Protein chains: 4
Amino acid sequence: MDKKQQILATALRMFVEYGFHGTATAKVAQEAGVANGTLFHHYKTKDELVLAIYVWIKDELEASLAAITHDSDFITPKFKTIFTATLHWALQNRGKFYYLRQFELSPHYANVPTGDNQTILDRLIAEGIRRKILRTHPAELILTLYNNHVFGLYQYITQADLEPNKQTAIISEGYEMIWGMLKYA
Amino acid sequence: MDKKQQILATALRMFVEYGFHGTATAKVAQEAGVANGTLFHHYKTKDELVLAIYVWIKDELEASLAAITHDSDFITPKFKTIFTATLHWALQNRGKFYYLRQFELSPHYANVPTGDNQTILDRLIAEGIRRKILRTHPAELILTLYNNHVFGLYQYITQADLEPNKQTAIISEGYEMIWGMLKYA
Amino acid sequence: MDKKQQILATALRMFVEYGFHGTATAKVAQEAGVANGTLFHHYKTKDELVLAIYVWIKDELEASLAAITHDSDFITPKFKTIFTATLHWALQNRGKFYYLRQFELSPHYANVPTGDNQTILDRLIAEGIRRKILRTHPAELILTLYNNHVFGLYQYITQADLEPNKQTAIISEGYEMIWGMLKYA
Amino acid sequence: MDKKQQILATALRMFVEYGFHGTATAKVAQEAGVANGTLFHHYKTKDELVLAIYVWIKDELEASLAAITHDSDFITPKFKTIFTATLHWALQNRGKFYYLRQFELSPHYANVPTGDNQTILDRLIAEGIRRKILRTHPAELILTLYNNHVFGLYQYITQADLEPNKQTAIISEGYEMIWGMLKYA
DNA sequence: CATGAATGAGTTTTCATTCAT
DNA sequence: GATGAATGAAAACTCATTCAT
């Protein structure tokens, strides 16, 4: 398990730094301190490794959001909690958050097995629309706009290299913006 | 000249379909109907080709926006005009618009020579902030949020494969959203 | 013992289907339902496995011929019996017979330990020549022509996919041919 | 062209000595005095190279037989001429002849494009059967037995390492044998 | 301007074999 | 005996780039 996890972490770091194609599997193995063949013993192909990292990060973010919300929470504050927590997580896990975007905009995204596993956010949006707390738009549209807004803020904050308190202020502003944009009436 | 343009167009199509690394220069040359060496006769390196396509598309979009606006326009309607025109252009030039995103999120973006050539949108936002028509935020933040919103709408419309009239309706809605989000007070 | 035999049988099948080099030991182990290391526990190298299969089949064919002949038989009918039995055995054990050829034409053949263990056929030919029932040619020549004739018939019958009665007829014809070719005067 | 032919000749020699799988393309390129990539510039895959060699040899043998026969020849002497010439060619081009067998018994044989290009021998056998000069068997059977007989003689002569005059004598004997076996009545 | 043969470093992947448990 | 994770040396193949014509 140790080596497997070591490969995962090293690959993540290198993929973020050099891109998928810019990172040779041999280099990953070397930096992870394992033999070339060991990487392929655990992940049959490079694509499989790329996907495994995505699932790992996705699960981790989801778990971190699950830890601070409850099904019984009211929708409006829950929305704020999730938005804020996501951005803070993103800023404390920049490599991981960047990886998610990099992956989702790449052809690799097509390899994700399509289960019906809805995320907390998926369910929240669906319920918010149904209860007329969010605008009556297709959930898919709301989700897409939300994600792009979150990524936009992340992009700005990281590129402008803001101080922590400024970061919190912007996140707060950003929340007001998206809420004003998506809330019902 | 013919061959040069042929290479450009073919490369654009293939880069969008297979990605930068997934597209071999030899394949581009072949599909463009020119010899391997001809491609390198016009563009010294693959990176140079990738950049040339970006500049070409960027200029084309800018020219198309320039054709429908004037420096003397009022800011508020001009903002709407540009937003709407950009999205329509994106939907009629999907490959080109997608290329812009692909390029800007890639390490290639660092190769763009940093001139002070501001776009129409850059100038509009700067002036909007100065005149307190747009929120008093850093121009960079406003621009980032704007761009991500535009791309989010583009993503939704293309993935949902909407009919033309639905497209126009969503673009109109999308405009109201971003305007509500960015306008002063 | 069970596992050892299981490995042998699985390897035979796969070597015939994919060739020696085309068959990975890991795949053999997997299909045989044993662990990777178990294969190497029983056979020190892949070459050793390849050889073991050859010896196994060779012994089986020899035993099957021994069961229907006696040292005291007359040479002429014994020749016919052996020829006919060999071909029938070959057609009922196609994989095994094909393996023998595949092995003997490969560099692996050099690994067979050279004992003086003569086969029934070897002894029969030697005696036939000595007693002037077979042509006075080097035994090696007669054996080679015999083997190629047998394989030729096998090739034709399997490729033409003949019905059982046709098979018997061809084998009979084939016997007349080789006998006419090799018998004395 | 020079390099292409150089690759072909080198690969032939190495495939005969080490087998298809035992010969690395990198080694072929090295021995042929060309770069690794050059080999793949001329032959897209190793399989394509293997096939190209087969076609080359096959054509060469066919041309050599065509040079000493005429369509108007009588069948019986033509048969002898071809048989004898084939064996002499085989003994003077041992690598090439061995390659043909090696190839035809391998899975590569399935890659040969199935045209209707009949060889001289194919046509001769078909006509011999029709005119009742050869036994009334399926042409395929006659051809298979013929080929195996030729290869058997080749095998014996090369393994016994006979002197030239002995070779000629055995070939002559071998002709009588196959003719006795295949001629009508 | 245009060509396409030639290059060789680099890539992913395979695989027989070992060894600690 | 049995296991399967670990190994690392190959292997086939790719590809941006050069250059003589």
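This is a predicted model: local features need pLDDT of at least 70, side-chain atom pairs count only at pLDDT 80 or more; totals for chains, interfaces and linings use all residues.

Colleague: Noted. How many helices and strands does chain A have?
Modeller: Chain A has nine helices and zero strands. Reading from the N terminus, the elements go α-α-α-α-α-α-α-α-α.

Colleague: And what box do the C-alpha atoms of chain A fill?
Modeller: Roughly 60 × 40 × 30 Å, taken along the principal axes.

Colleague: Where does UniProt place a feature in chain A?
Modeller: At residues 24-43 of chain A, where the UniProt record has "DNA-binding region". That comes from an unreviewed entry.

Colleague: What does the chain look like over residues 24-43 of chain A?
Modeller: That stretch of chain A is 75% helix and 0% strand. Its end C-alpha atoms are 14 Å apart.

Colleague: What about chain D and chain C, what rotation superposes them?
Modeller: A rotation of 180° puts chain D on chain C, with 0.0 Å of shift along its axis and an RMSD of 0.1 Å. In chain D, the C-alpha nearest that axis belongs to D:Asn148, 2.7 Å away from it. The same surface serves both copies here, as 100% of the contact residues of chain D recur in chain C.

Colleague: How far apart are the nearest C-alpha atoms of chain A and chain D?
Modeller: They are 20 Å apart, and chain A and chain D do not touch. Chain B and chain D have no contact joining them either. Their closest C-alpha atoms lie 12 Å apart.

Colleague: Now helix packing. At what angle do α5 and α9 of chain A pack?
Modeller: Helix α5 (residues 75-92) and helix α9 (residues 164-182) of chain A pack at about 140°, with their axes 10 Å apart. α5(A) and α9(A) are therefore oblique to each other. Their crossing is right-handed.

Colleague: Which residues make the contact?
Modeller: On α5(A), they include A:Phe79, A:Phe83, A:Leu87 and A:Leu91. On α9(A), A:Ile171, A:Tyr175, A:Ile178 and A:Trp179 are among them. By class, the contact of α5(A) with α9(A) has nine nonpolar, six polar and one charged residues.

Colleague: And how do α5 and α9 of chain D pack?
Modeller: Also at an angle of about 140°, and the axes of α5 and α9 of chain D are 10 Å apart. That makes α5(D) oblique to α9(D). The crossing of α5(D) and α9(D) is right-handed. Among the residues that meet are D:Thr76, D:Lys80 and D:His88 in α5(D), and D:Gln167, D:Gly174 and D:Leu182 in α9(D). The contact residues of α5(D) with α9(D) divide into nine nonpolar, six polar and one charged.

Colleague: Last one: at what angle do the axes of α4 and α5 of chain C cross?
Modeller: Roughly 135°, with the axes of helix α4 (residues 46-66) and helix α5 (residues 75-92) of chain C coming within 10 Å. α4(C) and α5(C) are therefore oblique to each other, and α4(C) passes α5(C) in a right-handed crossing. The contact is made by C:Ile57, C:Glu60, C:Leu61, C:Ser64 and C:Leu65 of α4(C), together with C:Ile82, C:Ala85, C:Thr86 and C:Trp89 of α5(C).

Colleague: How many nonpolar, polar and charged residues has the contact of α4(C) with α5(C)?
Modeller: Six nonpolar, two polar and one charged.

Notes. Residues are numbered from 1 along each chain as its sequence is written. Chains are lettered from A and ligands numbered from 1 in the order in which they are written. Side-chain values use heavy atoms; hydrogens and water are left out. UniProt positions are given in the numbering used here, feature names are shortened, and annotations may be inferred rather than shown by experiment. Helices (H or I, at least four residues) and strands (E, at least two) are DSSP runs, numbered from the N terminus. Axes are lines fitted to C-alpha atoms, for helices over the stretch in contact, and angles run from 0 to 180 degrees between N-to-C directions. Angles under 35 degrees count as roughly parallel, over 145 as roughly antiparallel, 65 to 115 as roughly perpendicular and the rest as oblique. A crossing is left-handed if the near helix is turned anticlockwise from the far one by less than a right angle, and right-handed if clockwise. Contact means heavy atoms within 4.5 Å. Ala, Val, Leu, Ile, Met, Phe, Trp, Tyr, Cys and Pro count as nonpolar, Asp, Glu, Lys and Arg as charged, and the others, Gly among them, as polar. Copies are superposed by least squares on the C-alpha atoms of residues with pLDDT of at least 70 in both.
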